[in-house]
Amino acid sequence: MRIFLPAVIVCLAWVPAASLAAAQDNRAETCAMEGALSPEQAIVVCGLVIDAAGSTIAARQSALLVRAEIQRRLAHLDPAMQDCDAAILLEPASAAAFELR
């Protein structure tokens with residue numbers, strides 16, 4: 001019984017972490033999906049990906065570039081430039097970030 005209880009606790013602790021990772025993956029996919037949401041909704045979802053603690057650098061950069069492109073299309077040029085600058089800070093060799101900027 002003493003061995004079983006810690007194993008159950010570890011499994012229960014892992015389930016929310018796995019669910020959180022899956023939710024972040026879904027947000028990243030939704031952010032990158034062209035036309036799935038209104039531009040305003042896509043900006044919010046991309047912001048969730050950018051701000052999520054468990055997001056990878058690649059996911060954050062991708063979300064920043066998607067959000068920058070949406071902001072550019074809406075003629076919100078200052079926020080678009082800020083997102084490009086943040087993407088460049090994450091990955092200085094990113095040609096996509098420099099091109100969009």
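Reader: D85 first. Is it buried, partly exposed or exposed?
Author: D85 is partly exposed, with a relative accessible area of 31%. Buried means under 20% relative accessible area, exposed over 50%, and partly exposed in between, using a 1.4 Å probe and protein chains only.

Reader: What kind of model is this?
Author: This is a predicted model, where local features need pLDDT of at least 70, side-chain atom pairs count only at pLDDT 80 or more, and totals for chains, interfaces and linings use all residues. Residues are numbered from 1 along each chain as its sequence is written, and side-chain values use heavy atoms, with hydrogens and water left out.

Reader: Back to D85. Which side chain does it meet in a salt bridge?
Author: R101, at 2.5 Å, N to O. A salt bridge is a side-chain nitrogen of Lys or Arg within 4 Å of a carboxyl oxygen of Asp or Glu.

Reader: How many salt bridges does the structure hold?
Author: The structure holds 4. One of them pairs the side chains of D83 and R67, at 2.7 Å, N to O. That pair links distant parts of the chain, with D83 in helix α4 and R67 in helix α3 (residues 57-73), 16 residues apart.

Reader: Are D83 and R67 buried or exposed?
Author: D83 counts as buried because its relative accessibility is 6%. R67 counts as buried too, at 19%.

Reader: What does D83 touch, leaving out residues up to four places away in sequence?
Author: D83 touches L64, R67, A68 and Q71. Contact means heavy atoms within 4.5 Å.

Reader: And which salt bridge involves E69?
Author: The side chains of R73 and E69 meet in one, at 3.0 Å, N to O. Both residues lie in helix α3, 4 residues apart, about one turn of the helix.

Reader: Which residues form a network there?
Author: E69, R72 and R73 are linked in a network of salt bridges.

Reader: New topic. How many disulfides turn up in the whole structure?
Author: A search finds 1. The disulfide joins C31 to C46, S to S 1.8 Å. The term covers a pair of cysteine sulfur atoms within 2.5 Å.

Reader: Where do C31 and C46 sit?
Author: C31 lies in helix α1 (residues 4-32) and C46 in helix α2 (residues 39-51), so the pair ties together parts that are 15 residues apart in sequence. C31 and C46 are buried.

Reader: Which hand does the link have?
Author: The link of C31 and C46 is right-handed, with 95° about the S-S bond.

Reader: What about C84, buried or exposed?
Author: C84 is buried, with a relative accessible area of 2%.

Reader: Now the whole chain. How many helices and strands?
Author: The protein chain has 5 helices and 0 strands. Helices (H or I, at least four residues) and strands (E, at least two) are DSSP runs, numbered from the N terminus.

Reader: How much of the chain is buried?
Author: Buried residues make up 27% of the 101 residues.
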